[in-house]
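Here is a briefing on one protein chain. Have the sequence and the 3D view open as you read.

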Amino acid sequence: MITIDLSGPFVTYSILALLGILGWIRGFRYFVSLALMTTLAYLIAVQGGNFIVGLINRTYSNLPRLAAFLTGGNAADAAPLGPIIPENLEAPLLLRVLVFIALVAIGIGYTFPWEGKPLSGWGGNRPLRILGALAGLYTAVLLTSAAAIFWREFAPTATVPDMLATALNSLPTWTGIIPSTITAFVITLLIVTVIRFNRIWAVDGGGGGGGGGGGPKK
C-alpha cells in the first residue's frame with residue numbers, strides 16, 4: 001500500500017515537476033505568456049497587498065467629484081461615496097484572489113503575438129525547451145507562493161476538507177526568494193529579447209514555398 005504524505009513537500013514538488021515538464025513540451029514562446037501574466041498577477045494581487053482594493057475604493061468614492069468636474073459643477077461640494085468593497089477580512093482578500101485567477105487565466109487562454117505554434121513531443125528545439133522548462137518552474141514557484149499566502153490569510157475564516165487543508169499548509173510561501181526570482185526572470189527575458197529582437201514577432205515553423213515532399217515538422 002502506497003501512502004502519500006500531503007504534509008510534506010510532495011504537493012510542491014509535483015507542481016514544480018508538472019509545470020517544468022509542460023514548459024519543456026510546449027516551449028518558451030508558448031509558456032512565457034503564462035509566466036508574464038503570473039508575474040503581473042503576483043505583483044498586483046499578492047505582493048501589492050490591498051493596493052488593488054484601495055485603488056478601486058478610491059476610484060469609486062470619487063465618482064461624484066469626477067461627475068461634478070465633468071459637468072462644470074463644484075467638485076469640492078460633491079460628497080464622496082462609501083467604499084464599494086467592504087473593509088473587512090473576506091471581501092478584499094476575495095477580490096485579490098479573483099484578480100490573480102483572472103490574470104493567470106488570460107495568460108493561459110489568450111494567444112499573444114509572439115507565441116506561434118506550441119512545440120510538440122520531447123525532442124528538437126532544445127534551447128526553446130530548456131527556457132520553457134525554466135519558465136515553467138518559475139511559474140510554479142509563483143503559483144505555489146500565491147496559493148500559500150492566500151491560504152494563510154483565508155485559513156482563520158475558511159472551512160475546507162482536512163486533506164485539502166493539509167496540502168495547502170504544506171505549500172511554501174517562498175517569500176525569501178521571490179524578489180530575486182522575479183528579477184532573474186525579467187533579466188532573462190530582456191536578454192532573450194535583445195538576442196532575438198528580429199524574431200520577437202516572427203512565428204517559428206511553417207516552411208517556405210514549393211519544395212519536394214518533406215517529412216513531418218519536428
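The points below cover the fold, the cores, selected side chains and the confidence of the model.

This is a predicted model. The protein chain has eight helices and zero strands. Of its 218 residues, 33% are buried. The average pLDDT is 81.

**Overall fold**

- Read from the N terminus, the elements run α-α-α-α-α-α-α-α.
- Take the contacts between residues at least 6 apart in sequence: 79% of them join residues at least 24 apart.
- The protein chain exposes about 13000 Å². Carbon and sulfur atoms supply 69% of that area.

**Nonpolar cores**

- The largest nonpolar core holds 36 residues. Tyr42, Val46, Phe100 and Phe150 touch the most other members.
- Six helices each supply at least two residues of this core: α1 (10-26), α2 (28-47), α3 (51-61), α5 (90-109), α6 (126-154) and α8 (178-195).
- Helix α2 gives the largest share, with 10 residues.
- A second, separate core has seven residues. Among them are Trp151, Ala167, Leu168 and Leu171.

**Phe100 and Phe150**

- Phe150 is in contact with Ala45, Val46, Leu93, Arg96, Val97 and Phe100, leaving aside neighbours within four places in sequence.
- A search of the whole structure finds three aromatic pairs. Phe100 and Phe150 form one of them, an edge-to-face pair.
- The cut-off for buried is under 20%.

**Tyr110 and Phe112**

- How is a pair of aromatic rings described? The description uses the distance of the centres and the angle of the planes.
- The ring centres of Tyr110 and Phe112 lie 4.8 Å apart. Their planes are at 80 degrees, so this pair is edge-to-face. The angle cut-off for that class is over 60 degrees.
- Tyr110 has 47% relative accessibility, so Tyr110 counts as partly exposed.
- Phe112 has a relative accessible area of 14%, so Phe112 is buried.

- Arg129 lies in helix α6.
- Is Arg129 buried or exposed? Its relative accessible area is 1%, so Arg129 is buried.
- Which residues does Arg129 touch, not counting those up to four places away in sequence? They are Gly23, Trp24, Ile25, Leu119, Ser120, Gly121, Trp122, Gly123 and Gly124.
- Arg26 lies over the face of Tyr30. The distance to the ring centre is 5.1 Å.

**Model confidence**

- A pLDDT of at least 70 is reached by 84% of the residues.
- Among the elements, helix α1 has the highest mean pLDDT, at 93. Helix α4 (residues 63-70) has the lowest, at 77.
- Over residues 204-218 the pLDDT is below 50. Beyond near neighbours in sequence, this stretch has seven contacts in the model.

Key: Residues numbered from 1 in each chain as written. Heavy atoms only, no water. Core = buried A, V, L, I, M, F, W, Y, C linked by side-chain atoms within 4.5 Å. Buried < 20%, exposed > 50% of the residue type's maximum accessible area, 1.4 Å probe, protein only. Helix = DSSP H or I, 4+ residues; strand = E, 2+ residues; numbered from the N terminus. Contact = heavy atoms within 4.5 Å. Areas by Shrake-Rupley, 256 points an atom, 1.4 Å probe, with all protein chains shown as cover. Phe/Tyr/Trp six-rings, centres within 6.5 Å; stacked < 30°, edge-to-face > 60°. Lys NZ or Arg CZ within 6 Å of the ring centre and 35° of its normal. pLDDT = per-residue confidence, 0-100.
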